[in-house]
Every structure is written in structure tokens, then in C-alpha cells.
Amino acid sequence: MLKLSCNVADKLQSFAFFSRSYSSDPVQNRRTVSSVSCSQLRKPDPMRATVSADQGSVIQAETGLGTLADRLRLGSLTEDGLSYKEKFIVRSYEVGSNKTATVETIANLLQEVGCNHAQSVGFSTDGFATTPTMRKLHLIWVTARMHIEIYKYPAWGDVVEIETWCQSEGRIGTRRDWILKDIATGEVTGRATSKWVMMNQDTRRLQKVSDDVRDEYLVFCPQEPRLAFPEENNRSLKKIPKLEDPAQYSMIGLKPRRADLDMNQHVNNVTYIGWVLESIPQEIVDTHELQVITLDYRRECQQDDVVDSLTTSEIGGTNGSATSGHNDSQFLHLLRLSGNGQEINRGTTLWRKKSSR
């Protein structure tokens with residue numbers, strides 16, 4: 001039982017302190033704190049680090065309460081250390097005209113909590129979530145597939161909690177899943193899953209995940225498979241066919257902005273979502289809201305590339321956790337280079353009729 005006699009600032013600082021925990025044991029991946037005083041909160045301890053001689057790298061480094069970002073971030077590993085939860089407030093600049101978060105906002109938050117999870121277990125702090133062996137070999141993770149389902153969009157000022165975890169995905173990559181909840185109600189408002197493959201940062205070629213790399217991150221993964229979409233034949237598993245010309249709708253000549261580039265100097269994954277939605281017909285945007293989006297990433301897009309966004313209506317029912325009704329609309333999408341037609345991205349979206357407010 002924690003008892004503190006502090007002023008308001010100290011209480012806020014102590015809350016931030018306990019909202020984030022680091023493991024002193026990479027296998028158990030958790031730490032139990034029984035008590036702390038206000039003086040300890042004000043005066044961080046000297047740097048402490050646990051070094052793995054086998055890996056020849058620092059698994060964990062902790063400077064007192066951590067960085068200012070660590071203290072203010074409302075995220076921490078779960079008690080078993082095998083997943084990570086973080087809370088976010090939906091800001092005014094993250095919502096659209098209907099005052100609810102955009103799907104790009106949701107995708108950005110998924111990306112953020114995934115990076116923070118990786119940092120909380122001692123992986124790289126450069127945003128790439130690379131293990132020590134990966135950094136030595138100049139390897140990075142790149143997205144192969146992203147699948148997001150939103151059951152209820154959070155509104156401006158709502159607080160959403162996102163839980164994430166990762167696990168092995170065959171011999172060629174890894175999988176990361178998310179569950180979104182409304183803090184006020186405890187309601188699950190969305191789920192997402194993704195597949196990631198390993199790429200050599202210098203050659204830009206894909207590479208199999210070695211046993212050394214796998215051993216480094218598996219200790220932080222659930223021992224038994226845990227899936228955000230456990231249903232059989234769910235939409236996240238559905239193969240996406242390639243859209244062939246002629247497309248019903250198109251937006252030609254999209255160009256990446258400087259702000260669209262990520263830390264790896266290629267177009268950020270979330271930018272593709274915006275490009276896909278650019279060719280959705282306006283009458284759908286006016287009367288429907290996006291429920292499901294699935295994207296397969298085929299190649300990198302650079303700053304000087306020019307992109308065409310193509311969309312065609314899909315006819316027929318859906319399978320899995322998203323239920324199709326007479327008010328639902330489905331679309332098939334393709335992003336390609338304007339010059340040579342090379343495929344960048346293919347995807348599908350499912351839209352539900354907006355509810356009357």
C-alpha cells in the first residue's frame with residue numbers, strides 16, 4: 001500500500017513515476033514497488049544499468065525516474081511484462097469535421113505505443129524497435145501488413161487506452177497486435193494487427209529473422225499465441241487481390257511532403273492510409289465512416305515519387321469480425337507509381353453508414 005504526503009505537483013510526479021516501470025530482470029520483465037518518499041521523487045538516483053555479457057549490450061538503462069518524457073508518459077508494462085498499455089487524450093488537432101479521431105490519428109497512436117513498448121523493454125530508442133543484434137547487422141523492421149478495425153471512434157477530449165504486444169510470425173517476421181478501450185466505459189472500441197519483416201538498412205533487401213534476433217525479443221512475448229482477432233477466417237487474414245484498370249475512382253499525382261518522411265527517410269506508413277482514402281468518392285465520406293482498413297505494403301515510397309490512388313467498389317459479403325449489412329460499402333484500393341505503374345500498396349476498406357446524432 002503506497003502512502004505519500006506530498007503537494008499536488010509531487011502527487012502528479014509520483015503518478016507519472018508509477019505509470020511506467022522497467023524490468024531489472026529481462027525474463028520476468030517486471031518490478032514491484034512497495035514504497036517511495038517525496039524526497040526520492042525529487043532527487044533521482046544515479047544511473048543504474050544491467051548489462052548482458054552474452055549479448056554484449058545494455059539491456060536496460062535507468063536514470064532515476066527516467067527522462068522527462070518517461071515521467072509524463074502514461075504508459076507501462078503490464079504485471080506479467082508481456083504487453084504494454086498506454087493512455088492518450090484525443091486532441092483537437094487529431095479529430096475531423098465530426099469531432100472524432102481520424103483513422104490516421106488511430107494509426108499514429110498504434111505506431112507510438114508500439115515504439116514505446118519496444119523502448120520500455122530496453123530496445124532501441126531511435127523509433128525502429130531494433131534489438132542489439134539487429135543494430136550490429138544494420139537490420140530494421142518494416143511493415144508488411146496493417147489491419148485496423150474501429151467499432152467506435154473516440155471524440156475530442158476522450159481518453160483511450162491502447163494495449164499492445166508482439167510475437168513471432170513464422171520464420172520471416174514478427175506480429176504486433178493492439179486493443180483499444182474507452183477509459184470512461186471500459187468498452188473495446190477497436191482492434192488492430194500487423195505483420196513486420198526484417199530489412200537490411202543498407203541494401204534495402206528483406207532478410208529472414210535469425211535465431212539470435214528471435215531469442216532477443218521472444219522473452220518479452222506471450223508464450224502462448226494471443227491474437228487481437230482470434231476468430232477463424234477473420235478479415236485480417238483475407239488475401240487482397242490486385243485492382244486492375246480501369247478503376248472507378250482515382251486521384252492522380254499525389255506527392256509526398258517533407259513532413260510525410262519518417263526517421264528512415266521514406267514515406268511513413270500512416271501517409272499511405274491518407275492516400276488510399278483520397279480516392280474514396282465524396283458521397284461515401286459524407287454518409288459513411290470507415291470501419292475496417294487492411295493494407296499490404298509492397299515497396300517503399302521515396303520523397304521524389306509521384307503516386308496514383310485508385311479505388312473500385314467491391315461487390316459481395318464480408319467474413320470475420322466485421323459484419324456486412326445493406327448500409328455497408330466495400331472498396332478495393334491500389335497505390336502505384338505514376339511513372340511506371342509499379343505497385344506500392346494494395347488494400348481494402350469497409351465503410352458503415354453513419355449513425356444519426
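## Helix α5 and M134

M134 is found in helix α5, which covers residues 132-136; helices here are DSSP runs of H or I with at least four residues, strands are runs of E with at least two, and both are numbered from the N terminus. This is a predicted model, in which local features need pLDDT of at least 70 and side-chain atom pairs count only at pLDDT 80 or more, while totals for chains, interfaces and linings use all residues. Residues are numbered from 1 along each chain as its sequence is written, and side-chain values use heavy atoms, with hydrogens and water left out.

With a relative accessibility of 0%, M134 counts as buried (buried means under 20% relative accessible area, exposed over 50%, and partly exposed in between, with a 1.4 Å probe and protein chains only). Neighbours within four places in sequence aside, M134 is in contact with L139, I140, W141, M198, V213 and E216, where contact means heavy atoms within 4.5 Å. M134 and S210 are 76 residues apart along the chain, and their C-alpha atoms are separated by 9.6 Å.

Strand β9 consists of residues 206-207 and includes Q207. Q207 counts as partly exposed, at 36% relative accessibility. Apart from neighbours within four places in sequence, Q207 has contacts with L139, I172, M198 and N200.

R204 lies in the loop between β8 (188-200) and β9. R204 is partly exposed at 29% relative accessibility.

## Backbone exceptions

Most residues other than glycine have a negative phi, and most peptide bonds are trans. R204 is not a glycine, yet its phi is positive, at about 65 degrees. K99 also has a positive phi, near 65 degrees. K99 sits in the loop between β4 (84-89) and α4, and is exposed, with a relative accessible area of 53%.

The peptide bond joining D245 and P246 is cis, with omega about 0 degrees. P246 is in the loop between α6 (211-218) and β10 (249-254).

## Helices α4 and α7

Two packed helices are described by the angle between their axes and the distance between the axes. The axes of α4 (residues 103-120) and α7 (residues 269-278) come within 9 Å and cross at roughly 165 degrees. Axes are lines fitted to C-alpha atoms, for helices over the stretch in contact, and angles run from 0 to 180 degrees between N-to-C directions. The two helices α4 and α7 are therefore roughly antiparallel (the term for angles over 145 degrees).

The contact involves V103, E104, A107, N108 and Q111 of α4, together with N269, V270, I273, G274 and L277 of α7. These residues divide into 5 nonpolar, 4 polar and 1 charged; Ala, Val, Leu, Ile, Met, Phe, Trp, Tyr, Cys and Pro count as nonpolar, Asp, Glu, Lys and Arg as charged, and the others, Gly among them, as polar.

## Nonpolar core and whole protein

The largest nonpolar core has 58 residues, and those with the most contacts inside it include L110, W141 and L277. Such a core is a set of buried Ala, Val, Leu, Ile, Met, Phe, Trp, Tyr and Cys residues joined through side-chain atoms within 4.5 Å. Helix α4 gives the most to this core, with 7 residues.

The protein has 8 helices and 14 strands. Of its 357 residues, 50% count as buried.

How values were computed
Angles under 35 degrees count as roughly parallel, over 145 as roughly antiparallel, 65 to 115 as roughly perpendicular and the rest as oblique.
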